[in-house]
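Hello,

Here is the structure I promised to pass on. Please open it first, then read the notes below.

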Amino acid sequence: MAYDRRPVQKSALADPDQPSPEALAPLAAFKGAEPPAPQWFKDALAREPERGFVDSLGSKIETLTWGEIGKPGLLLVHGNSAHADWWSFIAPFLATEYRVASMSLAGMGASDWRETYAFQDFAEDAEACAQAAGLYEGGRKPVYIGHSFGGSQVFYAAVKHPERMHAAILVDVGFGGPPPDSPEGKRMLEEQRQRIANIPTGDRAQRVYPTIGAALDRFRFMPPQAAGNLFVADFIARRSLKRAPLEDGSGEGWSWRFDPNMWNKLDRSAMMAMTTDGPPPVSTPLAHIYGERSVVMSRRSGGESSPLPEDIIEIAIPDSAHHIMVDQPLALVAALRSMLAVWPA
């Protein structure tokens, strides 16, 4: 891509090229037990969403909803290999003022897997979820909020379909990867090789763990980071698992709820065409919330390109890496509440 972005300074609080053991296996020390959680987190999860599915492009897309139909709508979109429950402890704080829906992207969570995945299809899925959840019933179009990979989907939809949304908030979104010869780039290439080794084939099933503890031991964030709040990481990880038959036929174990071949199936051509000549024109109001010490954001200082407009509103969350809802969930809630109250004018 032939465009640049102003750099974000790399924080001295953390060295992204040296992940700690806690970053590589944040839940291993608990041996399958749940870490203690504060009361605010328990109270948020007690406000259970309505769970259902929306039909889109021949697939069933998982949706979670909170709040009353008739209030302004918010659509929440998660990151890569994640699921709708990444927002389950954030959404209740927004649902007093908004009708909130969280979706699991195709190939992730409980949504159907596809033979191919594409940016334009994710955009259609988002619109189907917004319509089905009643997000247009509050007197205006919904606001889309997307984290990481989900933020890139929100950005694509904001450019291509501004008529569908009131505004868009991106949460720590990068549009490229680290240089392949950098320590982080080499680590990601090795992790990709390991993922490919676990891709199901005709003669090899997807990895199934014998116990939930064994599966949780393998949970880690991408890009690697220590979990700011282990009770959040544990909740996310448990909701990332599904029951599956053990390979030896002796019973059931646990496997991850995402298509391990999604990246190989992903058609990026629509996004690439949209951004080939530089940042595309966008009429949708855009804002960006990012972690002050995010590895994804620090890549800007290394020259990574971004299609975001130069004048986009940006807010840094202190003492947070890429996964802000894990590191600083209440700060993210406060930032979203404050922004939604006054923006866009």
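**A helix pair**

Helix α4 (residues 119-132) and helix α5 (residues 149-160) have axes that come within 9 Å and cross at roughly 85°. Angles from 65 to 115 degrees count as roughly perpendicular, so α4 is roughly perpendicular to α5. Bear in mind that this is a predicted model.

Which residues of α4 and α5 meet? From α4 come Phe119, Gln120, Phe122 and Ala123. They meet Phe149, Ser152, Gln153, Tyr156 and Ala157 in α5. By class, this contact has six nonpolar and three polar residues, and no charged ones.

**Cis peptide bonds**

Next, the prolines. The peptide bond from Met222 to Pro223 is cis, and its omega is near -5°. Pro223 sits in the loop between α7 (212-217) and α8 (230-239).

The bond from Trp343 to Pro344 is cis too. Its omega is near -10°. Look for Pro344 in the segment after α13 (329-342).

**Positive phi**

Two residues to check here. Lys31 is not a glycine, yet it has a positive phi of about 55°. Its place is the loop between α1 (21-24) and α2 (39-46). Is Lys31 buried or exposed? Lys31 counts as exposed, because its relative accessibility is 68% and the cut-off is over 50%.

Asp172 also has a positive phi, near 50°, and is a residue other than glycine. Find Asp172 in the loop between β7 (167-171) and α6 (183-197). Asp172 has 0% relative accessibility, so it counts as buried.

Best wishes

Note on methods
Residues are numbered from 1 along each chain as its sequence is written. This is a predicted model: local features need pLDDT of at least 70, side-chain atom pairs count only at pLDDT 80 or more; totals for chains, interfaces and linings use all residues. Side-chain values use heavy atoms; hydrogens and water are left out. Axes are lines fitted to C-alpha atoms, for helices over the stretch in contact, and angles run from 0 to 180 degrees between N-to-C directions. Helices (H or I, at least four residues) and strands (E, at least two) are DSSP runs, numbered from the N terminus. Angles under 35 degrees count as roughly parallel, over 145 as roughly antiparallel, 65 to 115 as roughly perpendicular and the rest as oblique. Contact means heavy atoms within 4.5 Å. Ala, Val, Leu, Ile, Met, Phe, Trp, Tyr, Cys and Pro count as nonpolar, Asp, Glu, Lys and Arg as charged, and the others, Gly among them, as polar. Buried means under 20% relative accessible area, exposed over 50%, partly exposed in between (1.4 Å probe, protein chains only).
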